[in-house]
Amino acid sequence: MANTWGSMNDELEELAARAAGGDEAALPELLQAIRPQVQRRVAKFLPHREDAEEAAQDTLMTVATKIHTFRGTGTFAGWLTIVATNQARQTYRTLKRRSVEQSAEVMPESIDPRTTSVIAGSRLDLLEALEQLEAHHPQLVQPLVLRDLGALTYAEIADELQVPLGTVKARIHQARKEVAQRLNVR
């Protein structure tokens, strides 16, 4: 099985189609096959290992319960990228909300490595930038995530989102510009 999402093989796509069609034996096999990829995907967003593991588990649960919504109009890789990315972003929102609630109650005893690491800080900055982008231009988030984080081709993204190729390119260009502005403000 390939290590990158953009090059998932036909066997995995076929396994996903079987699971989406109700083949109960295919689902556990599919979840086992995608686990490492899901873990890598969410870890790109969430630098703290335990947070990434939580998001990965939630992603696998979502796949298990929502696989029937995968219709095969795009690739399973694209669908899974969206599910994993959305779950990582949701986990981040939850952690951010908890952090605000805890900081009002207690001062931390030790420094959180997520706030001191350059890599972690840049990931959190990216999540913040994506949150702001979604608030102002929600149609730009998925194409950007699929291209820059999911490594899908422009054509694959157009198929996945069912929009013209030119629209995909324009949205990605605008999204990159917006995110870059937000990242440079800091």
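This is a short talk through the side-chain contacts of the structure shown above.

Before I start, please keep in mind that this is a predicted model, in which local features need pLDDT of at least 70 and side-chain atom pairs count only at pLDDT 80 or more, while totals for chains, interfaces and linings use all residues. Residues are numbered from 1 along each chain as its sequence is written, and side-chain values use heavy atoms, with hydrogens and water left out.

Let me begin with the charged pairs. The structure holds nine salt bridges, a salt bridge being a side-chain nitrogen of Lys or Arg within 4 Å of a carboxyl oxygen of Asp or Glu. One of them joins the side chains of arginine 18 and glutamate 14, at 3.7 Å from N to O. These two residues are four apart in helix 1, residues 10–20, and are therefore separated by about one helical turn; helices here are DSSP runs of H or I with at least four residues, numbered from the N terminus. As for accessibility, buried means under 20% relative accessible area, exposed means over 50%, and partly exposed lies in between, with a 1.4 Å probe and protein chains only. On that scale arginine 18 is partly exposed at 30%, and glutamate 14 is partly exposed at 43%.

Glutamate 53 is partly exposed, at 33% relative accessibility, whereas arginine 49 counts as exposed, at 53%.

Now to a salt bridge between glutamate 131 and arginine 89, whose side chains meet at 3.7 Å, N to O. This pair links distant parts of the chain, with glutamate 131 in helix 6 (residues 118–136) and arginine 89 in helix 4 (residues 76–105), 42 residues apart. Are these two partners buried or exposed? Glutamate 131 counts as buried at 18% relative accessibility, and arginine 89 is also buried, at 2%. Salt bridges that share partners join Arg89, Arg93, Glu131 and Glu134 into one network.

Let me turn to the aromatic rings. A pair of aromatic rings is described by the distance of the centres and the angle of the planes. Here rings of Phe, Tyr and Trp (its six-membered ring) pair if their centres lie within 6.5 Å, and planes under 30 degrees apart count as stacked, over 60 as edge-to-face and the rest as tilted. The whole structure has three aromatic pairs by this search. In one of them, the ring centres of phenylalanine 70 and phenylalanine 76 are 5.5 Å apart with the planes at 75 degrees, so the pair is edge-to-face. Phenylalanine 70 is buried at 8% relative accessibility, and phenylalanine 76 is buried at 0%. Phenylalanine 70 also pairs with tryptophan 79, in a tilted arrangement with 5.7 Å between centres and 50 degrees between planes, and tryptophan 79 in turn counts as buried at 12%.

Which charged residues sit over the ring of tyrosine 154? Arginine 147 lies over the face of that ring, at 4.7 Å from its centre, and the charged end of lysine 169 sits over the ring of tyrosine 154 too, 5.9 Å from the centre. The cut-offs are NZ of Lys or CZ of Arg within 6 Å of the ring centre and within 35 degrees of the ring normal.

Next comes glutamate 178, which lies in helix 9, residues 165–185, and is buried, with a relative accessible area of 12%. Its side chain makes a polar contact of 2.8 Å with the side chain of arginine 182, where a polar contact is a pair of N or O atoms within 3.5 Å; within protein, one must be able to donate a hydrogen and the other to accept it, and residues adjacent in sequence count only if both atoms are side-chain atoms. Not counting residues up to four places away in sequence, glutamate 178 touches Leu133, His137 and Leu140, contact meaning heavy atoms within 4.5 Å.

I will finish with a backbone detail. Glutamine 162 has a positive phi of about 55 degrees although it is not a glycine. Glutamine 162 lies in the loop between helix 8 (154–161) and helix 9, and is exposed, with a relative accessible area of 56%.
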